Amino acid sequence: MTAIEEIQRRLAKYAHVRYEIQENSITVFPVSENGFEVTLLSADDGSFSVFFDGWHGAFPDRKNALDCFSFGLSGECRLREFSRGGKAYKWTVEYRENNEWVAGSTTGLLGFAFWRPRSERCLQNSLVL
């Protein structure tokens, strides 16, 4: 069973969840306006990438990729999105530790409109795979 098939099997018990499968990826769409997309991309070399909207991480093995994918769909993960002029340019994954949110990995874009008004919001999913 491939990693994508494994995710599809886990999602079977969530009839309300929309997802899309392409040749080498699966994307789960947010179930609320405060959620975010979670995507797993399987590379030809056996490695994986996981995306939480604009954030992404690379994983050399299936287990860690699946764990990260599930984490992104859980209530234990939060994505802090930073915008300038309404366009997102930076994403930080946060996790809970001792009832506090702790910043983890950050992904950002170059060439954003730094002179525009800054805003941020926290996005969170609430599925458990």
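Biologist: What share of the contacts with a separation of 6 or more joins residues 24 or more positions apart?
Modeller: This is a predicted model, in which local features need pLDDT of at least 70 and side-chain atom pairs count only at pLDDT 80 or more, while totals for chains, interfaces and linings use all residues. Residues are numbered from 1 along each chain as its sequence is written, and side-chain values use heavy atoms, with hydrogens and water left out. A contact means heavy atoms within 4.5 Å. Among contacts with a separation of 6 or more, the share from residues 24 or more positions apart is 43%.

Biologist: What radius of gyration does the protein have?
Modeller: The radius of gyration is taken over C-alpha atoms, and the globule rule is 2.2 Å times the number of residues to the power 0.38. For 129 residues, a compact globule would come near 14 Å, and the protein agrees with this at 15 Å.

Biologist: Is Ile-7 buried or exposed?
Modeller: Ile-7 sits in helix α1, residues 3-11. Leaving aside residues up to four places away in sequence, Ile-7 touches Ile-26, Leu-40, Leu-66 and Phe-69. Buried means under 20% relative accessible area, exposed over 50%, and partly exposed in between (1.4 Å probe, protein chains only). Ile-7 has a relative accessible area of 0%, so the residue counts as buried.

Biologist: Which residues make the nonpolar surface patch of about 380 Å²?
Modeller: Patches are made of residues with over 30% relative accessible area and no salt bridge; like charges are joined within 9 Å, nonpolar side chains (Val, Leu, Ile, Met, Phe, Trp, Tyr) within 5 Å. Accessible areas come from the Shrake-Rupley method with a 1.4 Å probe, and for residues only the protein chains shown count as cover. Trp-115, in the loop between β8 (100-108) and β9 (118-123), is exposed at 61%. The patch is made by Phe-112, Phe-114 and Trp-115.

Biologist: What is the angle between the planes of Phe-36 and Phe-52?
Modeller: Rings of Phe, Tyr and Trp (its six-membered ring) pair if their centres lie within 6.5 Å; planes under 30 degrees apart count as stacked, over 60 as edge-to-face and the rest as tilted. By this rule there are 4 aromatic pairs. Phe-36 and Phe-52 form a tilted pair, 5.5 Å centre to centre, with an angle between the planes of 45°.

Biologist: How far apart are the closest N and O atoms of Asp-67 and Lys-63?
Modeller: A salt bridge is a side-chain nitrogen of Lys or Arg within 4 Å of a carboxyl oxygen of Asp or Glu, and the structure holds 9 of them. Asp-67 and Lys-63 both lie in helix α2 (residues 62-73), 4 residues apart, about one turn of the helix. In their salt bridge, the closest N and O atoms are separated by 2.7 Å.

How values were computed:
Helices (H or I, at least four residues) and strands (E, at least two) are DSSP runs, numbered from the N terminus.
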